[in-house]
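Please keep the sequence and the model in view while reading the explanation below.

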Amino acid sequence: MNQLQTLRGMADQLPMGINGWQQLEAIGREHMRRACVAEIRTPLLEATELFARGIGAATDVVGKEMYTFIDRGERSCTLRPEGTAGVVRAAIQNGLLSQGPQKLWYSGAMFRYERPQAGRMRQFHQLGLEFLGFNEPRSDVEAIVIAWDLLMDLGLKELKLELNSLGSKEDRLNYRNQLVNWLEQHQNQLDPDSQERLQTNPLRILDSKNPNTQELLKTAPDLLAALCPESLERFEQVQQGLTALQIPYQLNPRLVRGLDYYGHTAFEITSSALGAQATVCGGGRYNGLVEQLGGAPTACIGWAMGLERLVLLMQNQSSTTAAAPDLYVISQGEKAEAIAINAARELRQKGHRVELDHSGAGFAKQMKRALKSAAPLALLIGEAEASSGQLQLKNLQTNSSELVELHQLLSFFSPTR
Ligand code: ATP
Ligand code: MG
């Protein structure tokens, strides 16, 4: 029989590699807790229309990358390719926005049918933040500083924050016209993808990864020059806020978000250690989305981090090993095994990590495994110990043992809670 395999671009996270993920999730959660950002969880599967309306048919994500199928009730469903549209739908559907502005975060699996490479998967994971109902430049600064500090706390160095402003809707329309006029004059120098985008999503051409197109764009009209004074003033305030917090940034006038609903602040945090998949966090302001999805006009800013890329970076920077148990319990014989599981349970209820050996193998074999587990202590229960109630507690560092009764066992462990 054929061996069954994961689908292309989908990965198992195995126990020996799970530490980085858990560390990342714990630090992410802790930063959100400190910043009073509330967690929200939305379904993995949504109506296709949510993404078609919320992301825009002209984007790569909707045009080429979605996992879409018709379910048994003839509805078109899509595995979420990103988190923002679902969060905004949930906020509208559940009336969260009528309770005032919302600071929300999420994390979980996303699905995009892309060409898999290191740091680019078909099932991948994001941690994201969404501030709904916030328009002040200060809220842009807060959103960015939360992302920055979280990444710093992961021990990631050599990160670069790139910043741009896409201005207001009118600014973008004006600029779009200027850009299209200019690009049409250079159409034959554009790569095929960009030629196609000229019709569908011309701003996205700025973001092209094609080196010739990048070179050509050096002389394209400048987006910042197309911003009205109010948009420029707003952008200035965001920059001042970041400077005041000593967050280094670089302006990148070519930075546009791939999704249509972004305006004003756009940013990316990149790492030079990741090769082509350099962006670890992307975000920006999306004041148009809530209305687009049927809610009242609501100013929003948010970002999403790609967890696969962060885990790759964390592995580059430090090695992670599994935590050792506090105690390794060795037993042999029916009565001893019953005492062993009871002892393990009591210690676990007090918060200790206890590894229980079920093998029934000889003491020597079990002891070998105890040493390998790196537990500082082992509890040995043989038939003699089981009948006398005097259990052997062995210090695996000094090799000394003493006899203890079950009820005394707890006093050998420092309380964990
Ligand atoms: P890219 O230019 O790398 O395709 P994107 O603009 O499509 O990124 P976003 O939609 O902004 O990405 O998603 C936010 C973050 O999620 C990205 O910066 C990246 O870290 C991560 N990400 C996006 N797509 C993938 C993927 N297929 N596999 C792993 N991580 C991803
Ligand atoms: Mg992409």
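The paragraphs that follow treat the ligand, the strands beside it and the salt bridges in turn. The model is a predicted one.

The account begins with ligand 1. Several contacts can be described atom by atom. The side chain of Glu114 places an N or O atom 2.6 Å from a nitrogen atom of ligand 1. The side chain of Gln126 has an N or O atom 3.0 Å from an oxygen atom of the ligand. At Gly306 the backbone is involved instead, with an N or O atom 3.3 Å from an oxygen atom of ligand 1. Taken alone, the ligand would expose 580 Å², and the protein buries 90% of that area.

Strand E9, covering residues 263–271, pairs with E10 in the antiparallel sense through 6 bridges. Within E10, Cys281 stands opposite Ile269. E10 also runs antiparallel to E11, to which 5 bridges join it. Here Gly282 has Ala304 in E11 as its bridge partner.

The last topic is the salt bridges, of which the model contains 17. One of them brings together the side chains of Glu39 and Arg29, at 3.5 Å from N to O. Glu39 belongs to strand E1 (residues 38–39) and Arg29 to helix H1 (residues 18–34), so this pair ties together parts that are 10 residues apart in sequence. Glu39 counts as partly exposed because its relative accessibility is 31%, and Arg29 counts as partly exposed at 42%. Glu39 also meets Arg41 in a salt bridge, at 2.8 Å from N to O. Arg41 is exposed, with a relative accessible area of 66%.

Another salt bridge joins Asp140 and Arg234, whose closest N and O atoms are 3.0 Å apart. This pair links distant parts of the chain, with Asp140 in helix H5 (residues 137–153) and Arg234 in helix H9 (residues 229–244), 94 residues apart. Both Asp140 and Arg234 are buried. As for Arg29, Glu39 and Arg41, salt bridges that share partners join these residues into one network.

Methods: Residues numbered from 1 in each chain as written. Chains lettered and ligands numbered in written order. Predicted model: local features only at pLDDT ≥ 70, side-chain atom pairs only at ≥ 80, totals over all residues. Heavy atoms only, no water. Polar contact = N/O pair within 3.5 Å; in protein donor to acceptor, adjacent residues only side chain to side chain. Areas by Shrake-Rupley, 256 points an atom, 1.4 Å probe, with all protein chains shown as cover. Pairing = 2+ DSSP bridges. Helix = DSSP H or I, 4+ residues; strand = E, 2+ residues; numbered from the N terminus. Salt bridge = Lys/Arg side-chain N within 4 Å of Asp/Glu carboxyl O. Buried < 20%, exposed > 50% of the residue type's maximum accessible area, 1.4 Å probe, protein only.
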